[in-house]
Amino acid sequence: VLLGSGLTVLSQPLMYVKVLVQVGYEPLPPTLGRNIFGRQVYQLPGLFAYAKHIVKVDGRAGLFKGLTPRLCSSAIGTVVHSKVLQRGLPGVCPLPDSSSALQPGASKKEPVSSLEQVLKETSRERVARAAATLITHPFHVITLRCMVQFIGRETKYSGTLSAFATIYREEGILGFFAGLIPRLLGDILSLWLCNMLAYLINTYALENGVRAPRPTGGAGGLKVPFPLLQVSTMTEMKSYSQAVTGFFASMLTYPFVLVSNLMAVNNCGLAGGLLPYAPTYSSWLDCWSQLHREGNMSRGNSLFFRKVPAGKRYVWD
């Protein structure tokens, strides 16, 4: 929990900028720059220029708006995720240290080689993530709205407890779960893509196609057992494949994250959830459809080398 809280604090400015970009808020006009090929193009401000603007307006503390509810979400989510994994699914015995079995870079005593085992662990992880997401989503909504307040300079969501009261008074219980469905779908789809791709790579590419070189001897003539080196090398490569497939899956499911965040702030009384930044969406499918028509499904996915697309119009101060 402490490690997760520390990472949350460090990543808060990054998430803050990403959320404002996702909403479509551009406080600075495009500038003429060069892309990675050296060609001159008009670029929107990147992460550091955006963060510098926030500091200029609100000071350094302004980069950490929404941190309190996000810390609550992180801590509660970690506890719920762990508890659900320990209990396991009906008919599936909990595995020791299963909470780290599906994390990129995690080491395992016995690598998972059975498709049935991968399916069982992925199913358990799916339930744990869904439970954690469902319970912590109200904090996620408050976090996003605290950040989006920067656009209209509002103070509507000034505290976590008062934000709960405001949402309940204006939107009822459903207001706490705005954007939940695309978030759940994206998270579950990302998990299955990551684990199934990792299984295919580990089984058909690494185990069948990669072999560690047979050692001839160690220091002082001491021979190192070949199977130990082979298992060690294979374990490391499998951890790398898990990280790569995780990144690939997150890229493919990014539109679900974008739609979820936009629905969480849409028509909530904040300037960032209204025109000219966003129309009032009737549902998350309506939001998805409009973003797709506009070619904005990847908005906010990259915070560097943000080229201005031809024919697009942006609102900036």
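Colleague: Which residues have the most contacts inside the largest nonpolar core?

Modeller: In this predicted model, the largest nonpolar core has 42 residues. Helix 1, helix 2, helix 4, helix 5 (160-171), helix 8 and helix 9 (284-294) are the elements that give two or more residues to this core. Within the core, the residues with the most contacts are Val17 and Ile54.

Colleague: Which element gives the largest share of this core?

Modeller: Among the elements that contribute two or more residues are helix 1, helix 2 and helix 4. The largest share amounts to 8 residues, and its source is helix 4.

Colleague: Which residues does Ile54 touch, not counting residues up to four places away in sequence?

Modeller: Ile54 is, with Val17, one of the residues with the most contacts inside the largest nonpolar core. Leaving aside residues up to four places away in sequence, Ile54 touches Tyr16, Val17, Leu20, Gly59, Gly62, Leu63 and Phe150.

Colleague: Which elements do the buried residues of helix 1 pack against?

Modeller: The buried residues of helix 1 include Thr8, Gln12, Tyr16, Val17 and Leu20. Their packing partners, taken for the buried residues of the helix together, are helix 2 (47-58), helix 3 (67-87), helix 4 (115-152), helix 8 (254-265) and strand 3 (306-307).

Colleague: Why is the pair of Phe139 and Phe164 edge-to-face?

Modeller: The count of aromatic pairs comes to 8. In the pair of Phe139 and Phe164 the ring centres are 5.3 Å apart, and because planes over 60 degrees apart count as edge-to-face, the angle that decides the matter is 75 degrees.

Colleague: Is Phe139 buried or exposed?

Modeller: Phe139 lies in helix 4 and Phe164 in helix 5, so their pair ties together parts that are 25 residues apart in sequence. Phe164, at 24% relative accessibility, counts as partly exposed. The limit for a buried residue is under 20%, so Phe139, at 15% relative accessibility, counts as buried.

Colleague: What is the turn residue with a positive phi in the hairpin of strand 1 and strand 2?

Modeller: Strand 1 (residues 31-34) and strand 2 (residues 40-44) pair in the antiparallel sense over 4 bridges, and Leu32 stands opposite Tyr42 in strand 2. The hairpin has 5 residues between its strands, and the turn residue with a positive phi, of about 90 degrees, is Gly38.

Methods
Residues are numbered from 1 along each chain as its sequence is written. This is a predicted model: local features need pLDDT of at least 70, side-chain atom pairs count only at pLDDT 80 or more; totals for chains, interfaces and linings use all residues. Side-chain values use heavy atoms; hydrogens and water are left out. Buried means under 20% relative accessible area, exposed over 50%, partly exposed in between (1.4 Å probe, protein chains only). Contact means heavy atoms within 4.5 Å. A nonpolar core is a set of buried Ala, Val, Leu, Ile, Met, Phe, Trp, Tyr and Cys residues joined through side-chain atoms within 4.5 Å. Two strands pair if DSSP finds at least two bridges between them. Rings of Phe, Tyr and Trp (its six-membered ring) pair if their centres lie within 6.5 Å; planes under 30 degrees apart count as stacked, over 60 as edge-to-face and the rest as tilted.
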